[in-house]
Amino acid sequence: MPPERTDGPEAHAEPQPPKQLRALQEDLGQAFAQFESIVGHNDHGPVADRWVSPNRSMSARERADIYREQFWLRHRDALYEDYPALSHYLGDSGFEQFCQDYLRAHPPRSFTLRDLGNDTARFAASYDGFESGRAAAARDLARFELAFVDLFDGAELPHADPEKMATVSPEAWATARVVLHPRLVLFAFAYPVHGYRTAVRGDGPDPERDLRPEANWLAMYRSHDLKVHILPIEQRQYVLLNALRGDVSLLDACEKVAATGSDTDHDQLGETLRKWFHSWARRGWIVDVLTDASG
Amino acid sequence: MTSTVASSATPPATPRFDVPDFGCGVGLRIPHYGHIFAESPEVDFFEIISENFMVAGGRPLRHLDQVLERYPVVQHGVSLGIGATTPLDWEYLAALKKLVRRTKTPWVTDHLCWTRNSHTDLHDLLPLPYTEDALMHVAARVHIVQDYLELPFGIENVSSYLSYAQSEMSEWEFFARVVEEADCGMLLDVNNVYVSSFNHAFEPKDYLDRLPVERVLQYHLAGHTNKGNYILDTHSDHVIDAVWDLYEYACGKTGPISTLVEWDEDIPELDVVLAETEKARVIRQRVQARHAS
Ligand SMILES: [Fe+2]
């Protein structure tokens, strides 16, 4: 029954929306997407009176307020779901205040709730509403939990060709550039966020709300079976991987690592690096090695 | 549940759209994945929320492919916003069409509502005012969407908690005229008819009596939450008897049509949801037997 048309938007003249319908949606959309009851609201109360009819048991404002409340509950619950550790750490009232302030600054604009938290880490970084003493850990948690959402359903990407890596000659390795998997996420945290999130999500009792500082470095990645993994890494690995991501040669990146270590480390660095690269390749973190020969 | 429902006197309408009757299915929900993949339970078909799978990759699409290997899947959307006054979202439509090719769904549905304005995507199924202008606006947009998707498109009636001072006609008249004007199908949510009949004090059978039943592609059934002075469409419970009665009444008009039980909050074991589909199956058989005799 539908006529054969496969062409895109340019071929479809969309109707001009009726003015009154547009005004209704602009007015009520604003009344619904905020967090104060419409019933006694100076601006949104009259908006509801203008567009909405009362019925036997409810005023126009009360009926409109059902949708406002649903807006809040739906988005709050979506954030609770994606940020279990952050919400536990902040407590309900702290987290819900954070959610409202976040949603005010970043009203949902995507068709999918999956994108709802896209700006949480950036927002948290400069948010001054956290309870005193909790901002630093909260910011670590927001960064960490947002990365899960991003990694969960991102596109498939090519994996490394192990044969190509085997053909790189020993001399070529020095100037080679190692291309890391774009979905490998590297973190330097001041708080032990991974253990905390695992405890919150586990079957055991919830952890204390407090978190003590403890510097740690993590790599987050998705394996071939599409599971998301988190692996603690050493600070030196973090430095090296970050340097490689900065598009410097392997030699330059290794020198950065050497500069951070002791003499003993230096002696053993060659062997250590060999082991690291081996395990990174095995995990799929390295997707290509570019040598002069490969251009 | 009760079984004393007056059937409609006329024989079932012949569906206008050449779509299969898949029987009685359930919504595909994550808490049931373990059961589905481990035991391959007998389910006539699954309905997916399209948006949950309009993603670039990862486990959602892998799980979907596993389901597609074993079951028919139909697609149901929540974010099209066919009644919104912002332009159609062509990125969204392109992603939807891509997913349609993957699932091979024989029809696509979404709701008779608006979901966003120029500021915000509200992620809600907001009712439209029942005006001539809104009717023509929605119908024109349905034409575009249906042409683009190259599949029968069905609009679902929503539950609503408010009515508009500007409305010029009843909900059923609006619904019926939109689908006629747009020449599209209907997804008839019987629970939504019931919820709205309570919230707006109308007789639900009047609603069903006035629909162009030959356009119904699919049924929805669900539970709801009675808040006292209004009912909220929560999909959090068993289908109530009054809704089963309405379903039987509607089936008498349409004949057997793919029927889906939705359960989205406080989701129980799959077997509990499947038991609801068995109730639907019994009703369909009873209606068919009545018409055959
Ligand atoms: Fe529905």
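**View 1. Where chain A meets chain B.** In this predicted model, 60 residues of chain A touch 63 residues of chain B, a contact being heavy atoms within 4.5 Å. Put together, the two chains bury about 5300 Å², with 59% of that on carbon and sulfur atoms; buried area here is the accessible area (1.4 Å probe) that two parts lose on being put together, summed over both. Residues are numbered from 1 along each chain as its sequence is written, and chains are lettered from A in the order in which they are written. Local features need pLDDT of at least 70 and side-chain atom pairs pLDDT 80 or more, while totals for chains, interfaces and linings use all residues; side-chain values use heavy atoms, leaving out hydrogens and water.

**View 2. A salt bridge across the interface.** The rule (a side-chain nitrogen of Lys or Arg within 4 Å of a carboxyl oxygen of Asp or Glu) picks up two salt bridges between chain A and chain B. One of them pairs Glu14(A) with Arg141(B), whose closest N and O atoms sit 3.9 Å apart.

**View 3. The chain A side.** Elements giving two or more residues to the side that touches chain B are α1 (19-32), α2 (44-51), β1 (52-53) and α3 (60-82) of chain A. Helices (H or I, at least four residues) and strands (E, at least two) are DSSP runs, numbered from the N terminus.

**View 4. Strands joined between chains.** β1(A) and β8(B) (residues 163-164) run antiparallel, joined by two bridges; strands pair if DSSP finds at least two bridges between them. Ser53(A) is opposite Ser163(B) of β8(B).
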